[in-house]
Amino acid sequence: MNFEHFFRSELDGLHAEGRYRVFADLERQRGAFPKARRHTADGVKDVTVWCSNDYLGMGQHPKVIDAMKQAIDHCGAGAGGTRNISGTTHYHVLLEQELADLHGKESALLFTSGYVSNWAALGTLCSRIPGIIVFSDAGNHASMIEGIRHAKCERVIFKHNSVADLEAKLAAADPAAPKLVAFESVYSMDGDIAPIKEICDVAERYGAMTYLDEVHAVGMYGPRGGGIAEREGLMHRLTVIEGTLGKAFGVMGGYIAASAALCDYIRSFASGFIFTTALPPALAAGALASIRHLKESQVERFAHQERVRRLRSALDRNGIPHLPNPSHIVPVIVGDAAKCKWISDLLLDNCNIYVQPINYPTVPKKTERLRITPTPLHSDHDIDHLVGALHQLWSRCALARAVA
């Protein structure tokens with residue numbers, strides 16, 4: 001087999017469909033977020049980033065940066081090993097305690113990313129509990145799907161956010177089999193929110209564990225940033241709450257929060273935890289500072305919600321189609337992969353606005369979009385500039401369709 005020919009032909013197919021991913025070479029500037037410097041062959045330009053998952057700008061917060069600097073001064077760069085072999089520093093211990101407190105759980109367990117925490121936790125639970133059946137929302141993230149697939153257990157997919165379909169499938173399953181319902185709170189591409197209470201009601205009726213992915217909600221919702229489950233007063237009803245340190249908390253890493261026994265079980269059996277190097281102490285220290293700040297401060301959350309409202313109002317006034325939802329994620333639907341990339345490229349090259357196109361397989365074909373994520377640090381001018389540029393491009397698209 002000509003392997004290089006195979007690789008090139010597959011990549012050519014992505015180019016032809018408009019789905020080839022191009023990375024923007026960015027240099028974040030401390031104190032200037034959401035501005036960044038973009039490096040190209042033609043030089044360096046300042047751009048405004050509109051697609052960052054640093055939802056609250058906490059990656060730029062002085063408390064976070066100072067905590068990371070101090071940790072490097074105290075500990076050096078890396079953890080020096082896996083958590084089991086010399087890699088557990090006091091920062092890791094403190095961070096896990098803080099996360100358990102955030103979610104009202106007995107314990108928490110750190111991982112190197114949110115992807116790994118889902119893959120390792122679900123993969124371990126679903127492969128080692130004899131005869132378990134997993135009921136997975138159709139909209140679940142790839143990390144959850146991969147963890148469940150890796151477990152090779154019986155799995156049942158229920159319609160997205162459909163409590164009725166979940167109950168029907170639970171009722172049809174072996175009543176004696178152990179069960180787990182896996183779902184998310186805020187779904188990252190459409191920005192819709194799960195009916196957590198109703199799912200818990202159904203799960204409890206059938207004796208099922210509940211596993212909630214809150215990665216796009218932690219830090220963002222609830223009086224202390226515990227997520228949608230905290231906002232709704234439901235954390236105590238969830239068996240496992242999974243989250244990330246790489247979005248609203250502005251650093252890196254993932255975690256689960258649950259009972260002491262469940263976390264110890266994952267710690268003891270999950271290969272994705274046992275055989276990987278621990279997070280650097282500086283990252284743990286930065287996340288610790290971010291969580292502690294957001295437990296006390298509502299300033300960032302209130303400012304963020306106001307920016308989201310202002311952006312949506314501006315889009316509506318200018319006739320830019322976006323999915324209505326109750327969250328902070330603003331998906332502007334384009335519906336064509338090539339056109340989505342064309343708009344993204346023009347925004348970046350001509351307007352110094354960076355919004356990454358989101359195409360298949362991240363979203364279904366014909367639902368390609370620009371996923372816009374406002375932050376508290378986007379100014380009125382930033383919003384007006386973005387919406388004005390989108391309005392001009394939408395007009396050009398409409399004219400092209402009319403001519404065609």
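A: Contact here means that heavy atoms lie within 4.5 Å of each other. The model is a predicted one.

By that criterion, and leaving aside residues up to four places away in sequence, Val 44 touches Arg 37, Arg 38 and His 39. Val 44 itself is part of strand E3, which covers residues 43-49. Its relative accessibility is 39%, so Val 44 counts as partly exposed; the class runs between the 20% limit for buried and the 50% limit for exposed.

Strand E2 takes in residues 35-40. E2 and E3 pair in the antiparallel sense, and six bridges join them.

Four strands make up an open sheet, ordered E1-E2-E3-E12, with mixed pairing. At its edges are strand E1 (26-28) and strand E12 (353-354), each of which pairs on one side only.

E9 spans residues 240-244 and is mostly covered, with five of its five residues buried. Which residues of E9 point one way, and which the other? Val 240, Glu 242 and Thr 244 point one way, Ile 241 and Gly 243 point the other way, and all are buried. In a regular strand, side chains alternate between the two faces of the sheet.

Strand E8 (residues 209-213) pairs with E9 in the parallel sense over three bridges. Within that pairing, Glu 242 in E9 is the bridge partner of Asp 213. Strand E10 (residues 254-258) runs antiparallel to E9, and four bridges join the two. Here Ile 241 stands opposite Ala 257 in E10.

For a helical residue, take His 304, which lies in helix H12 (residues 299-317). His 304 has a relative accessible area of 3% and is therefore buried, the limit being under 20%. Not counting residues up to four places away in sequence, His 304 touches Tyr 55, Leu 56, Met 220, His 328, Pro 374, Thr 375 and Pro 376.

Sequence and space can also be compared for Val 44. Val 44 and His 322 are 278 residues apart in sequence, and their C-alpha atoms are 31 Å apart in space.

Now the chain as a whole. The chain has 14 helices and 14 strands. Its radius of gyration is 22 Å, close to the 22 Å that the globule rule gives for 404 residues, so the chain is as compact as a globular protein of that length. The C-alpha trace spans about 65 × 55 × 55 Å along its principal axes.

Of the 404 residues in the chain, 53% are buried. Among contacts with a separation of 6 or more, 72% come from residues 24 or more positions apart. The accessible surface of the chain is about 18000 Å², and carbon and sulfur atoms account for 55% of that surface. As for charge, the chain has 43 positive and 44 negative side chains, and the centres of the two sets lie 2 Å apart.

Key. Residues are numbered from 1 along each chain as its sequence is written. This is a predicted model: local features need pLDDT of at least 70, side-chain atom pairs count only at pLDDT 80 or more; totals for chains, interfaces and linings use all residues. Side-chain values use heavy atoms; hydrogens and water are left out. Buried means under 20% relative accessible area, exposed over 50%, partly exposed in between (1.4 Å probe, protein chains only). Two strands pair if DSSP finds at least two bridges between them. The radius of gyration is taken over C-alpha atoms; the globule rule is 2.2 Å times the number of residues to the power 0.38. Accessible areas come from the Shrake-Rupley method with a 1.4 Å probe; for residues, only the protein chains shown count as cover. Lys and Arg count as positive and Asp and Glu as negative; His and the chain ends are not counted. The place of a charge is taken as NZ of Lys, CZ of Arg, CG of Asp or CD of Glu.
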